[in-house]
Amino acid sequence: MTAHDEIKNLAELDAFFKCERHLFLHRKVMVSISGGSDSDIILDFVLRVLAARYHDYKCDVHFVFFDTGIEYEATKRHLLYLEQKYNIKIERRRAITPVPNGCKKYGVPFLSKYTSEMINRLQKHGFDFAGDGAKEFDELLEKYPNCKGALRWWCNINGDKSAYSISRFFMLKEFMTENPPDFLISPECCNGAKKDNAKKYERENDIDLNVLGLRKAEGGVRTVAIGTCFTEGVGYRIDTYRPIWWFTDKDKAHYETTYNIIHSDCYTKYGLRRTGCAGCPFGSDFENELNIIQQYEPKLYKAVCAIFGKSYDYTRKYREFVKKHKTGAPDNQMNLFDYFDGGAQ
């Protein structure tokens with residue numbers, strides 16, 4: 001009996017065959033370990049594939065954790081547990097620009113990565129939210145000719161139903177026109193803490209395949225832009241593979257039960273649904289997360305309030321604005337309290 005014969009779930013079986021092929025075709029593989037629930041499955045899954053074909057594989061596999069500088073102690077404990085459970089070494093890489101430094105340098109996150117990026121572009125071009133916020137696209141483009149992409153977002157040129165329009169957040173444009181931000185907004189803290197660090201690791205270790213624990217079922221802008229479990233590297237980029245991309249929540253739960261996957265205290269004790277940078281404002285449920293952090297990791301609570309405080313306050317103000325004006329948003333518009341592009345697992 002082979003390892004394939006023991007697999008009863010079709011999504012898992014399909015992923016197993018694909019993973020076998022991708023690992024066989026690459027020399028140096030980086031498996032990103034975050035300590036989150038999807039990451040736990042990825043680690044177990046990759047090790048099962050390797051064990052089934054260990055005579056055939058010649059690839060060098062690196063398990064890597066990228067420390068953002070604002071991690072749960074529970075996550076750090078979980079990494080130790082994973083190393084002991086699987087008898088492996090998970091490399092820890094400190095951020096090139098830790099989240100606290102990145103927020104000071106570039107600005108703080110607000111609502112979602114894409115929204116923060118568009119606002120940041122407007123701010124860099126000196127956009128007058130109060131004075132110019134209600135003007136039409138052509139008039140704005142004449143005044144801010146080098147900011148076309150962000151202006152298209154601001155003026156909903158891509159359509160109200162587009163994920164790349166400000167209308168995806170109910171009355172956000174009206175709110176910002178009446179309440180211009182007096183602080184820098186940016187998603188750049190993610191780049192310095194994880195993305196740039198991962199690229200540096202890839203170069204230093206000659207990695208040719210990056211394995212990520214990302215599922216389409218999570219939703220968000222990332223899943224809209226990706227579309228498949230494997231992305232071939234072009235130019236300086238390396239191949240990227242997402243083994244559980246097609247796993248539904250039901251498939252994930254089945255795998256956890258079948259292989260007795262135990263997640264970190266963030267899930268089992270704290271009651272969090274997602275992990276990532278602690279207290280990240282991208283999570284729509286950050287208020288609940290803050291309460292949890294204050295209860296279980298009070299030192300971390302003081303840190304996240306100092307780092308993200310302005311974003312928390314601005315989001316609360318926006319939510320109050322929504323409550324006063326919302327009389328029934330169209331179905332195509334995001335509900336502010338729904339998860340849009342929150343913390344990674």
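# Briefing: helix pairs, loops and buried residues

D206 has a relative accessibility of 42%, so D206 counts as partly exposed. Here, buried means under 20% relative accessible area, exposed means over 50%, and partly exposed lies in between (1.4 Å probe, protein chains only). This is a predicted model, in which local features need pLDDT of at least 70 and side-chain atom pairs count only at pLDDT 80 or more, while totals for chains, interfaces and linings use all residues. Residues are numbered from 1 along each chain as its sequence is written, and side-chain values use heavy atoms, with hydrogens and water left out.

**The whole chain**

- The protein chain contains 15 helices and 6 strands. Both are DSSP runs, numbered from the N terminus: helices are H or I with at least four residues, strands are E with at least two.
- Of the 345 residues in the protein chain, 53% are buried.
- Take the contacts in the protein chain with a separation of 6 or more: 74% of them join residues 24 or more positions apart. A contact means heavy atoms within 4.5 Å.
- The protein chain has an accessible surface of about 16,800 Å², and carbon and sulfur atoms hold 50% of it. Such areas come from the Shrake-Rupley method with a 1.4 Å probe; for residues, only the protein chains shown count as cover.

**Helices α2 and α3**

- Two packed helices are described by the angle between their axes and the distance between the axes.
- Helix α2 spans residues 37-52 and helix α3 spans residues 73-86; their axes come within 12 Å and cross at roughly 15°. Axes are lines fitted to C-alpha atoms, for helices over the stretch in contact, and angles run from 0 to 180 degrees between N-to-C directions.
- α2 and α3 are therefore roughly parallel to each other. The cut-offs are under 35 degrees for roughly parallel, over 145 for roughly antiparallel and 65 to 115 for roughly perpendicular, with the rest called oblique.
- The crossing of α2 past α3 is right-handed.
- On the α2 side, D40, L43, D44 and L47 take part; they meet H78, L82 and Y86 of α3.
- The contact of α2 with α3 has 4 nonpolar, 1 polar and 2 charged residues. Nonpolar covers Ala, Val, Leu, Ile, Met, Phe, Trp, Tyr, Cys and Pro; charged covers Asp, Glu, Lys and Arg; the others, Gly among them, are polar.

**Two residues from that contact**

- L82 sits in helix α3. L82 is buried, at a relative accessible area of 2%.
- Beyond its neighbours within four places in sequence, L82 contacts I33, D40, L43, N87, I88 and I90.
- L82 and D44 are 38 residues apart in sequence, with 9.5 Å from C-alpha to C-alpha.
- D44 lies in helix α2. D44 is buried too, at 4% relative accessibility.
- Neighbours within four places aside, D44 contacts Y86, Y255, Y259 and I261. The C-alpha atoms of D44 and Y259 are 8.5 Å apart, though 215 residues separate the two along the chain.

**Helices α4 and α10**

- Helix α4 (residues 99-106) packs with α10 at an angle of about 145°, and their axes are 8 Å apart.
- α4 and α10 cross in a right-handed way.
- V99, G102, C103 and Y106 of α4 make the contact with E188, C189 and A193 of α10. These residues divide into 5 nonpolar, 1 polar and 1 charged.

**Loop residues**

- F183 is in the loop between α9 (172-178) and α10. F183 is buried, with 8% relative accessible area.
- Sequence neighbours within four places aside, F183 contacts V108, Q123, K310, S311 and Y314. F183 and G107 are 76 residues apart in sequence, but 7.3 Å apart from C-alpha to C-alpha.
- D206 belongs to the loop between α10 (188-204) and β4 (209-211). D208 is also found in the loop between α10 and β4.
- D208 is buried, at 17% relative accessible area. Residues up to four places away not counted, D208 touches H26, R27, K28, V29, I238 and D239.

**Positive phi angles**

- Most residues other than glycine have a negative phi.
- D206 is not a glycine, yet its phi is positive, at about 55°.
- N260 is not a glycine either, and its phi is positive at about 55°.
- N260 lies in the loop between α12 (249-258) and α13 (265-268). N260 counts as exposed, at 53% relative accessibility.

Methods:
A crossing is left-handed if the near helix is turned anticlockwise from the far one by less than a right angle, and right-handed if clockwise.
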